[in-house]
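Here is a friendly walk through one protein model, for a reader who likes cut-offs stated plainly. Have the sequence and the coordinates open as you read.

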Amino acid sequence: MGALGALLTKIGGTALGVIAVVVGLAYLAHRRQKSLPLSVLAGASVTLLLASAVLIFNSGVVIAPPAGVLAWLEFGTYLGVSFLFLKLVDLILIVDYLIDRKGAYIPDVVRSLIMLTGVAAASLVILRLVMNINVIALVALPTVATAVVGVALRDTLVRFFSGIALGKMIRVGDWIQVQDREGMVTDIGFGHVTLVTRDHDYVAMPNNTVIQSGLINYNRPTATHACVVTVEAAYRIAPGQVCAALVDAASAVDGVLPDPKPRALVSAFNESGIEYRLRFSIGNYAKRWEIESAVRTYVWNAFQRNGFEIPFPQRVVHSVGAGDRSLTAIDSDQIVSHLAAVDFFSILTPEQIEILAKDARIMRFLPGEPVVRQGEPGQELFIILEGEAEVWLEHEGRSSMINRMQRGQFFGEMSLLTGEPRSATVKAVTPLKVAQVGKAALTQIVQEDQRIVERIGEVVARRHVMTTAAKEQLNRERASLEVAQRTRSLIDRIQDFFWGRARA
């Protein structure tokens, strides 16, 4: 019982040591949010079995096998321990310290090479110490055999060392182009680089082919990638206006980087129109096609909104107005109902509301596009027919969202009535449909009945003062006094804007 007890104690201690190493490796793998490789579990299990067998045969409890068999069992045991030790060093020194803490990039191919070299060196040492084999004679193979093996493994070795070189150029997750193949790197192996294309096809290319053909890495040294979209516009439109509209359209697209800022250039004078190149940068090459498609969609929408024509590629003379302002019956009824709901338009007659509605222009904006910008001049009022918009205020270099508007709400009344610059920036949050009411139609109404100016001025001034009174908790007497003062001031400004008369 004494010998058997001692044997069980040794086996238990050995098992605890192997389990402790496995638990330590599992913890390190868990920290990297990865599972423990099956090779570690298999190596630990085989090592434990071999160590147990060696302990049993050396204890004298059972009949020992021949010396040669026992030597090979000991060799396997020591080799398994060496493998677990090297794996522990790999995870602690290379992965945890160099990669995670120091930020070094060490390809998996290099890590595998280090492991293989370490295991090979351990094998030679164990063969010499445990089995007393002359490893120098073992390594020094006959010259002919060495030449044959070298020729047979030439391509494999070339690919292997090419994979090590590729580790400095690309990483898993990078988007690259090799010859006519483009895709994201999913694996850099001993012999091949594996890509997944945009069509979700997997392509394996030999490492040496990738090196020799040359590659384009869209993620390094920076993920910023420049894209170009070309579009034509009619000759009658000033290039400056087109370039400004193109830059605004690209800047509003989600995924387009603000720095460097999008640029639009005149690139050619073609038969049908002027060609423009819109250049912008993206930070996610995987979504290049989607972002370019969105930019083209925003460009088309901006051209429609501004009345810019994209000419047909043919020699045909087209007679087109300054923009399609025709309204459907549904749009007209919708605009009339919304105009009547505006407080300072409620004093107008139905006929006067119809005049404003007929001159109104339907405009559409995509998410992120600005309808008006703070500080810009303007002479129009906007009524939201569909969608939602946000009001942003800039102050001392900082922007903040102060309001969110929905269907039926309006903005820009002070610019319509007085020509004042926009007091805030309004951006579309969802696809936005607005009715734009300009100065021309209101001028026609005001000239027919100049008393409307005073009535509109009184309504607008009263609304502004009451809002201020509510915010500042002013008393009724002060509010009434300010109504009179602001009404007179506002009426003078409206008269100056529509007739250019000096203030009284």
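## Aromatic rings and an arginine

The charged end of Arg198 sits over the ring of Trp175, 4.6 Å from its centre. Arg198 also lies over the face of Trp289, at 4.9 Å from the ring centre. Here, a charge sits over a ring if NZ of Lys or CZ of Arg is within 6 Å of the ring centre and within 35 degrees of the ring normal. Please keep in mind that this is a predicted model, in which local features need pLDDT of at least 70 and side-chain atom pairs count only at pLDDT 80 or more, while totals for chains, interfaces and linings use all residues. Residues are numbered from 1 along each chain as its sequence is written, and side-chain values use heavy atoms, with hydrogens and water left out.

Trp175 belongs to one aromatic cluster with Tyr218 and Tyr285. Rings of Phe, Tyr and Trp (its six-membered ring) pair if their centres lie within 6.5 Å; planes under 30 degrees apart count as stacked, over 60 as edge-to-face and the rest as tilted. How many aromatic pairs does this rule give? The count comes to six. Tyr218 and Tyr285 form a stacked one, 3.9 Å centre to centre with 5 degrees between the planes. Tyr218 is in the loop between strands S5 and S6 and Tyr285 in the loop between strand S8 and helix H10, so the pair ties together parts that are 67 residues apart in sequence. Helices (H or I, at least four residues) and strands (E, at least two) are DSSP runs, numbered from the N terminus.

Are these two tyrosines buried or exposed? Tyr218 is buried at 11% relative accessible area, and Tyr285 is buried at 1%. Buried means under 20% relative accessible area, exposed over 50% and partly exposed in between (1.4 Å probe, protein chains only).

## A buried arginine

Arg422 is placed in the loop between H13 and strand S15, and is buried, with a relative accessible area of 7%. A polar atom of the Arg422 side chain lies 3.0 Å from the backbone oxygen of Glu380. Beyond four places in sequence, Arg422 has contacts (heavy atoms within 4.5 Å) with residues including Val372, Glu380, Phe382 and Ser415.

## Nonpolar cores

A nonpolar core is a set of buried Ala, Val, Leu, Ile, Met, Phe, Trp, Tyr and Cys residues joined through side-chain atoms within 4.5 Å. The largest has 33 residues, and Ile335, Leu339, Phe344, Phe345, Leu356 and Leu442 touch the most other members. A second, separate core of 30 residues includes Leu246 and Ile274.

Definitions and conventions
Polar contact = N/O pair within 3.5 Å; in protein donor to acceptor, adjacent residues only side chain to side chain.
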